[in-house]
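Reader: I am new to this entry and would like to learn how its features are read, one at a time. Could we begin once the structure is shown?

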Amino acid sequence: MEHIPILKMGNLLLVTIQVDMHDRLAMTLQDDLTTRIVKDHASGVLIDISALDIVDSFIGRMISNTAAMARILDARTVLVGMQPAVAITLVELGLTLHGVQTALNVEKGISLLQRNAT
Amino acid sequence: MSYTDVDTQHLSIRSDEDVVRLRQCVRELMIAAGFSLLEQTRMITAASELARNTLRYGGGGEAHVRRLLTGSRKGIGLAFIDQGPGIADIDLALTDGYTTGGGMGVGLSGAKRLADEFDIESAPGQGTTVQISKWKSF
């Protein structure tokens with residue numbers, strides 16, 4: 001089965017989505033991330049979507065749900081790298097990424113997670 | 001909608017992978033037609049929502065992707081056709097937040113906002129056809 005790689009850096013988990021995601025792959029990522037948060041005792045999750053051309057309602061829901069599940073497992077989620085056209089389209093679509101923290105890029109996202117951890 | 005179809009591609013929508021293929025097809029056509037990145041993003045997102053509806057609610061179907069021409073204007077038109085159960089109350093289905101499938105309820109209404117033109121034909125037992133188009137501004 002196809003998986004999106006999850007990297008561990010200290011107590012953070014990093015994911016860079018670099019493929020045009022279909023729904024099943026998005027669900028697999030959600031499951032993998034929640035499993036890894038517990039297994040790796042992660043305190044933060046960083047999801048980089050700078051390579052994603054679109055975020056539709058399904059991918060948006062996956063991100064939102066992942067952040068909610070992570071929160072219950074005592075981990076913070078930061079979404080980084082959203083392209084301006086994707087942000088505009090998300091708002092026009094009527095989607096709010098409820099409870100998801102965002103940062104402009106990976107560097108800012110990591111410093112946000114590390115600041116939260118201390 | 002009055003326009004000339006330049007050519008039509010028929011894509012089967014039977015699996016998650018087909019939805020990804022459709023998005024790629026729409027992207028290629030819009031790039032070739034010279035649409036801006038924002039307009040591409042809007043239309044591909046709308047296409048993704050409608051293709052998912054065809055798959056999840058319509059039990060699969062097909063998508064028609066067309067280049068459009070009217071006078072000096074260029075556009076792209078998409079049609080999503082299924083023979084599924086159909087929609088009894090179209091106004092309700094177009095309400096933000098309304099869903100029968102556990103989704104976010106923004107698919108149909110969001111696609112309507114993202115497209116320039118939107119048309120839906122559906123009746124219980126008659127399947128559903130949704131058409132959207134986007135015109136290039138000069």
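Reader: Which residues does B:L78 touch, not counting residues up to four places away in sequence?

Author: This is a predicted model, in which local features need pLDDT of at least 70 and side-chain atom pairs count only at pLDDT 80 or more, while totals for chains, interfaces and linings use all residues. Residues are numbered from 1 along each chain as its sequence is written, chains are lettered from A and ligands numbered from 1 in the order in which they are written, and side-chain values use heavy atoms, with hydrogens and water left out. A contact means heavy atoms within 4.5 Å. With that sequence limit, B:L78 touches B:V26, B:M43, B:A47, B:H64, B:V65, B:V130, B:Q131 and B:I132.

Reader: Which residues have the most contacts inside the largest nonpolar core?

Author: A nonpolar core is a set of buried Ala, Val, Leu, Ile, Met, Phe, Trp, Tyr and Cys residues joined through side-chain atoms within 4.5 Å, where buried means under 20% relative accessible area, exposed over 50% and partly exposed in between (1.4 Å probe, protein chains only). The largest such core has 65 residues, and those with the most contacts inside it are A:I17, B:L22, B:V26, B:I76 and B:L78. Helix α2 of chain B (residues 37-56) gives the most to this core, with seven residues. Apart from it lies another core, of nine residues, including A:L14 and A:I110.

Reader: What span should helix α2 of chain A have?

Author: Helices (H or I, at least four residues) and strands (E, at least two) are DSSP runs, numbered from the N terminus. The expected span of a helix is 1.5 Å times one less than its number of residues. The 16 residues of α2 of chain A (residues 57-72) should therefore span 22 Å, and its end C-alpha atoms are 23 Å apart, which agrees.

Reader: Where do the buried residues of α2(A) pack?

Author: Among the buried residues of this helix are A:F58, A:I59 and A:M62. The buried residues of α2(A) pack against α1 (23-39), β4 (76-80) and α3 (84-93) of chain A, together with α2 of chain B. At the start of α2(A), a side-chain oxygen of A:D56 reaches to within 3.2 Å of the backbone nitrogen of A:F58, and the helix is followed by A:D74, whose phi is positive, near 65°.

Reader: What pattern does chain A follow along the sequence?

Author: Chain A has four helices and five strands, in the order β-β-α-β-α-β-α-β-α. Of its 118 residues, 51% count as buried.

How values were computed:
Polar contact = N/O pair within 3.5 Å; in protein donor to acceptor, adjacent residues only side chain to side chain.
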